[in-house]
Amino acid sequence: MDKTVIRAKDFSHFFGAVPVLKNINMEIFQNEIFGIIGPAGSGKSTFLRALNRLNDLIPSSRTEGTLEIRGQDVYAPGISVVELRRRLGMVFATPVPLPRSIFENIAFGARLAGEKSRGRLAELVADCLKKTALWEEVMDRLETSALKLSGGQQQRLCLARILALKPEFIMLDEPTSGLDPISTMKIEETLRKFRAEYTIILVTNNTKQAARVADRTAFFLNGELIEVDRTDKIFSAPSDSRTNDYISGKFG
Amino acid sequence: MRLHIDPKIEQRFFRALLWLLTGVTVFILFFIIFYVLKRGLPAVSLQFLTKNPVEMGKAGGIFSTIVGTVALTLLAILIAAPLGVGSAIYLTEYTRENWATRVIRFGSECLAGIPSIIFGLFGFILFVTKLGLGWSLLSGGLTLAFMILPTIIRTSEEAILSVPYSYREVSFSLGGTKWQTVTRVVLPSALPGIATGVILGVGRSIGETAAVIFTAGSSLHIPNSLFSSSRTMSVHFYILAREGISMSNAYGTAAVLIIAILAINVVAYTLMNRFMRKYC
């Protein structure tokens with residue numbers, strides 16, 4: 001039996017009066033790659049941002065129901081949001097390197113947490129760059145600006161940057177939407193390797209990507225969870241006709 | 001009937017017109033600088049820069065007025081920069097847009113448009129007489145600080161707002177607190193813009209006459225405390241020229257003032273460029 005690490009129970013999310021997620025009931029298991037597909041505006045990104053409470057930055061945001069990580073409600077009073085965000089590393093659709101050196105980008109999270117030892121930081125940076133297969137490419141120019149890297153390298157840098165947080169979860173919000181096929185392939189390979197260590201939630205607007213890497217896939221539509229199942233099942237015999245329509249390209 | 005003009009000729013005509021307009025602007029600017037330097041530089045010498053004025057400025061140098069200008073400008077910036085940048089951070093990062101922020105913004109914009117002599121009068125009434133600070137560096141510095149505050153708030157605000165929202169998101173998502181996000185991500189990226197505002201403030205302070213003459217006075221002694229009255233270069237120039245004491249020394253003072261402002265701008269922008277080129 002797979003171990004549930006994230007559980008949404010009747011979870012709804014509103015911006016003002018507008019429901020963006022409606023009564024989501026869903027479980028995510030330890031060490032799986034969990035894909036979320038759905039057309040634009042279906043609430044996929046909102047779900048990720050609800051998990052690490054990045055939606056809190058939007059003034060009118062409000063939730064109902066519960067969203068639990070290892071049995072603990074993310075929206076319970078007294079939860080440390082800083083702590084929570086460190087557990088759920090997030091990669092955004094467009095790579096956002098900070099205007100600093102490659103080294104400082106990776107070390108950023110650790111520095112926020114108060115790490116000052118240059119030696120430990122150097123070790124951490126090297127380790128994270130190796131895990132994302134970026135080390136060979138940048139080892140001799142760690143002090144140059146991260147903005148000078150190519151798009152694919154920047155996205156792997158962002159991935160390395162969250163590894164430095166030592167997170168339990170890796171959340172990716174359409175991470176390859178702006179990348180070429182080879183860079184995309186490298187990211188996907190890295191994700192497959194990561195499955196042993198992390199639980200991965202991959203939001204993608206590319207259904208084929210979900211088919212390639214996800215163990216299980218959820219289909220969101222207009223803020224509702226239409227169905228969630230093993231990826232091969234979703235793509236071969238979906239139980240809802242809307243899922244079938246979406247993955248066969250009839251809309252979306 | 002509509003007059004038909006060949007687009008090529010039209011293109012050429014407007015290119016020439018715009019070139020001319022730019023040319024006139026540049027010419028006026030250079031003419032002023034050239035004229036002041038031509039009349040002023042003969043009076044400038046090492047003696048002029050390092051000796052105090054003698055006989056109300058008829059003879060001697062302008063050393064005490066240089067000290068006065070530097071002290072006053074420094075004081076104004078030291079007061080206005082933290083206040084201004086702090087307000088800008090609060091307005092952009094810590095509050096949401098509401099009627100209060102709009103009132104503050106409107107107020108500071110109005111302040112920016114008030115003639116400096118009104119600030120002088122205000123400073124005179126509040127600091128010099130009411131608070132009993134007298135004609136002093138402190139009165140002058142506070143008045144100048146109030147005068148340049150709106151500029152610093154405005155430019156800082158704009159600089160902070162131009163930092164991409166995604167940088168903030170990244171910082172938060174990596175476990176940054178609001179304060180860490182502001183100090184480690186937003187401010188470093190906004191620094192060039194903030195510095196521009198501060199430099200504008202320095203420029204205005206150095207050149208300011210009306211606000212200073214009422215508040216810092218016009219003593220020719222080297223100021224030795226925050227409470228001493230002091231004369232700045234621009235006030236010195238004004239008095240020398242106005243009272244016909246010495247036109248050549250007046251222009252000498254003006255030349256030094258212009259060179260100082262040019263130098264500050266060049267140095268500041270060079271430093272900023274170097275800073276920018278490192279990572280951006």
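How many residues of chain B are in contact with residues of chain A, and how many residues of chain A take part? In this predicted model, 16 residues of chain B are in contact with 22 residues of chain A. On the side of chain B that touches chain A, helices α7 (165–173) and α8 (178–207) each supply at least two residues, and α7(B) gives the most, with 6 residues. Sorted by class, the residues on this side of chain B divide into 7 nonpolar, 7 polar and 2 charged.

## Chain B

The secondary structure of chain B comes to 11 helices and 2 strands, and from the N terminus on the elements run α-α-β-β-α-α-α-α-α-α-α-α-α. Taken along the principal axes, the C-alpha atoms of this chain fill a box of roughly 65 × 60 × 45 Å. Of the 280 residues of chain B, 39% count as buried. Among the contacts in chain B that link residues at least 6 apart in sequence, 74% join residues at least 24 apart.

One pair of helices in this chain can be followed in detail. Two packed helices are described by the angle between their axes and the distance between the axes. For helix α3 (residues 63–94) of chain B and helix α6 (residues 137–161) of chain B, the axes come within 6 Å and cross at roughly 35°, and the crossing in which α3(B) passes α6(B) is right-handed. The contact of α3(B) with α6(B) has 22 nonpolar, 6 polar and 1 charged residues.

## The mixed sheet of chain A

In chain A, 6 strands form an open sheet in the order β6-β7-β8-β3-β9-β10, and the pairing is mixed. The edges are held by β6 (88–91) and β10 (224–230) of chain A, each of which has a single partner strand, so one side of each is left without a neighbour in the sheet. From one strand to the next, the twist averages 15°.

Strands of a sheet pair through backbone hydrogen bonds, either parallel or antiparallel.

| Strand pair | Sense | Bridges |
|---|---|---|
| β3(A) and β8(A) | parallel | 4 bridges |
| β3(A) and β9(A) | parallel | 4 bridges |
| β9(A) and β10(A) | antiparallel | 6 bridges |

Individual residues show how these strands line up. Ile33(A) has Ile200(A) as its bridge partner in β8(A), while the bridge partner of Phe34(A) in β9(A) is Arg216(A). Thr217(A), in turn, stands opposite Asp229(A) in β10(A). The hairpin of β9(A) and β10(A) has 2 residues between the strands, and in this hairpin Asn222(A) takes a positive phi near 50°.

Why is strand β9 (residues 216–221) of chain A largely enclosed by the rest of the structure? The reason is that 6 of the 6 residues of this strand are buried, a label given to a residue when 20 or more other C-beta atoms lie within 10 Å of its own. In a regular strand the side chains alternate between the two faces of the sheet. In β9(A) both faces are covered, with Arg216(A), Ala218(A) and Phe220(A) buried on one side and Thr217(A), Phe219(A) and Leu221(A) buried on the other.

Strand β1 (residues 4–15) of chain A pairs with β2(A) over 8 bridges in the antiparallel sense, and the bridge partner of Thr4(A) in β2(A) is Phe29(A).

Just after α1(A), Arg53(A) takes a positive phi of about 55°.

How values were computed
Residues are numbered from 1 along each chain as its sequence is written. Chains are lettered from A and ligands numbered from 1 in the order in which they are written. This is a predicted model: local features need pLDDT of at least 70, side-chain atom pairs count only at pLDDT 80 or more; totals for chains, interfaces and linings use all residues. Axes are lines fitted to C-alpha atoms, for helices over the stretch in contact, and angles run from 0 to 180 degrees between N-to-C directions. A crossing is left-handed if the near helix is turned anticlockwise from the far one by less than a right angle, and right-handed if clockwise. Ala, Val, Leu, Ile, Met, Phe, Trp, Tyr, Cys and Pro count as nonpolar, Asp, Glu, Lys and Arg as charged, and the others, Gly among them, as polar. Two strands pair if DSSP finds at least two bridges between them. Two residues are in contact if their C-beta atoms, placed from the backbone, lie within 7 Å. A residue is buried if 20 or more other C-beta atoms lie within 10 Å of its own, exposed if 12 or fewer, and partly exposed in between; C-beta atoms are placed from the backbone.
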